[in-house]
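User: I would like to learn how to read the surroundings of a ligand and the contacts between aromatic rings. Please take them one at a time.

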Amino acid sequence: MKRREFLKGLAVGGAAVAAGACHGDVAPAGTVRVSNDVPVLGDYDVCVVGAGPGGVGAAIAAARAGKRTILVEHYGYPGGVGTNCNTPTFFFDPYKGVQYLRGIADEFVRRLAKRGAAWFLTHDERYQPDYSRPVGDLPILDRVRTRVEDMRVAYHDFLDEAGVEKLFYTHLTGAVRDGDRITAAIVDCLEGPRAIRAKVFIDATGAAHLVHRAGGRTRLAPPDKTMHKSIWATLSPGPHDTPEVYKENCRTYHKLYREHRERLPKNIWTSLAIGLSSGYVNGNSCDSRDMTRMDAEMRRHNFELLECYKRELKGFDDAFIETAIHQVGSRSGRHIVGRATVDRRLVTTAAMPDDPVMPFVREWGEHAASMDNGFCGTVHGNFDGLGAVPYGALVPVDFSNVLACGLCISVEEDYVKTIRMQPNCLVSGQVAGTAAALSLDATRGDVGSVPYAELRKRLEKQNHRVDGVW
Ligand SMILES: Cc1cc2nc3c(=O)[nH]c(=O)nc-3n(C[C@H](O)[C@H](O)[C@H](O)COP(=O)(O)OP(=O)(O)OC[C@H]3O[C@@H](n4cnc5c(N)ncnc54)[C@H](O)[C@@H]3O)c2cc1C
């Protein structure tokens with residue numbers, strides 16, 4: 001039997017202060033000592049932390065490239081915000097009639113389609129599946145609606161077939177750092193604390209928790225500069241039986257909004273499409289106390305909204321809140337400070353990076369920070385043409401063997417829209433997993449110096465075009 005190994009006298013965290021940190025982003029101050037020796041769970045080529053779309057894409061790409069890959073996740077199932085916050089809509093917005101984003105995102109939606117669980121959305125803004133339009137083999141030129149439980153199982157199957165080792169019900173608590181390398185992730189498994197050693201780490205936590213805990217520089221915008229948070233609640237019986245009732249309710253709602261605000265609860269969100277959602281609550285999504293406050297506030301608020309629906313709208317007389325999502329949904333949190341950044345210049349001008357890895361449509365803005373700013377973001381607009389994320393936006397400045405993907409890549413707050421949707425996160429994960437594997441083949445795990453031409457070639461073989469040109 002293999003002798004059990006321990007990391008002795010383990011130092012978790014590190015003394016570095018996150019220089020890019022803004023509001024409330026307190027980097028690990030000083031060294032935290034773990035009192036007992038921590039058993040080593042295993043040695044891997046690639047350790048991915050976070051099994052949202054980013055982490056799933058990364059783990060699959062690394063495992064398919066033949067690397068021994070472990071995927072660590074706090075919840076018991078994959079999917080991230082899509083499955084723990086009930087958002088089963090994949091925003092595949094086409095560009096000039098072309099499905100510019102494919103790769104693993106396309107593959108995943110086809111898997112859902114094979115399960116009979118992928119339809120294009122209705123065009124009446126109800127955000128419901130249009131059952132007369134299953135996705136099948138059609139090009140994905142519209143938003144796709146699926147079902148949360150199908151997503152969970154399809155993600156499990158996807159990971160298992162690629163040979164990824166899954167370690168769920170496990171929380172990342174720290175990291176062991178040696179200079180510019182992370183050598184181990186410290187996790188809290190159900191059986192106790194463990195150390196996971198790997199040659200390359202991928203931060204797919206949606207909020208750069210790994211880089212932050214290892215003392216790397218991160219960026220966190222103040223709450224009034226980020227999109228508001230949400231807690232969706234599911235009503236029973238379901239609302240808006242028919243498009244006609246939905247449209248009538250929308251008209252009523254907008255009239256109330258314009259003329260009788262006093263009849264609406266404070267901070268009501270102007271979308272009636274998805275059921276019920278507390279809106280415009282904001283705070284710091286990387287602060288446990290603030291998240292606790294927002295959670296309580298929004299869950300209570302949803303009952304106020306329910307009363308309003310019953311009172312003012314049609315078809316809600318017997319409605320009650322059947323369930324609500326597991327946690328506060330945060331549309332943007334902490335991001336790594338990368339060697340490059342998706343910034344104003346890349347999004348609002350025709351500039352293209354030298355090392356593009358993922359295309360995006362040049363639109364920015366979206367959900368506002370508060371009701372005072374209306375529904376759209378404080379800064380919003382669009383600029384024709386496809387832009388692209390530079391490879392350097394996935395590479396944290398402080399590490400040579402760490403990559404980020406999904407929501408927590410290096411991006412300026414106003415431009416988070418360009419990279420945050422689930423298809424984008426799946427694909428940036430695919431890029432990170434492919435780059436991690438390439439670094440092990442070509443540069444001894446130094447992710448910052450992977451040969452770009454080879455990375456691009458490998459991605460193209462996986463049905464991905466780094467600039468969206470097909
Ligand atoms: C309310 C809301 C509605 C949205 N609606 C849509 C939509 O309709 N369509 C769309 O395409 N996108 C939508 N999005 C955006 C999209 O869901 C997210 O941007 C996307 O899921 C981010 O993917 P990710 O993999 O980077 O991070 P996440 O999805 O956040 O996944 C990160 C994972 O890491 C895990 N994790 C975090 N910290 C730790 C830790 N310390 N230890 C272990 N595991 C950890 C988390 O549990 C999670 O599973 C929505 C987002 C929100 C908040």
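Analyst: Helices here are DSSP runs of H or I with at least four residues, numbered from the N terminus. Note that this is a predicted model.

User: Which helix gives the most to the shell around the ligand?

Analyst: Helix 9 does, with three residues. The shell holds 32 residues, and the closest are E73, T89, L172, L407 and R420. By type, the shell divides into 12 nonpolar, 17 polar and three charged residues.

User: Which polar atoms of the protein lie by a nitrogen atom or an oxygen atom of the ligand?

Analyst: A polar backbone atom of L172 is 2.8 Å from a ligand nitrogen, and a polar side-chain atom of H171 lies 3.4 Å from a ligand nitrogen. For a ligand oxygen, a polar backbone atom of L407 is 2.8 Å away. The protein buries 93% of the 1000 Å² that the ligand exposes when taken alone.

User: How many aromatic pairs does the structure hold, and what describes a pair of rings?

Analyst: A pair is described by the distance of the ring centres and the angle of the planes. The structure holds seven aromatic pairs. One of them is Y75 with Y77, stacked at 5.6 Å centre to centre with 15° between the planes. Another, F90 with F108, is tilted, at 5.9 Å and 50°. Because F90 lies in strand 6 and F108 in helix 3, this pair ties together parts that are 18 residues apart in sequence.

User: Are F90 and F108 buried or exposed?

Analyst: Both are buried. Ring pairs also link F90 and F108 with Y155 and F158 into a cluster.

Note on methods: Residues are numbered from 1 along each chain as its sequence is written. This is a predicted model: local features need pLDDT of at least 70, side-chain atom pairs count only at pLDDT 80 or more; totals for chains, interfaces and linings use all residues. Side-chain values use heavy atoms; hydrogens and water are left out. Rings of Phe, Tyr and Trp (its six-membered ring) pair if their centres lie within 6.5 Å; planes under 30 degrees apart count as stacked, over 60 as edge-to-face and the rest as tilted. Helices (H or I, at least four residues) and strands (E, at least two) are DSSP runs, numbered from the N terminus. Buried means under 20% relative accessible area, exposed over 50%, partly exposed in between (1.4 Å probe, protein chains only). A residue is near a molecule or strand if one of its heavy atoms lies within 4 Å of it. A polar contact is a pair of N or O atoms within 3.5 Å; within protein, one must be able to donate a hydrogen and the other to accept it, and residues adjacent in sequence count only if both atoms are side-chain atoms. Accessible areas come from the Shrake-Rupley method with a 1.4 Å probe; for residues, only the protein chains shown count as cover. Ala, Val, Leu, Ile, Met, Phe, Trp, Tyr, Cys and Pro count as nonpolar, Asp, Glu, Lys and Arg as charged, and the others, Gly among them, as polar.
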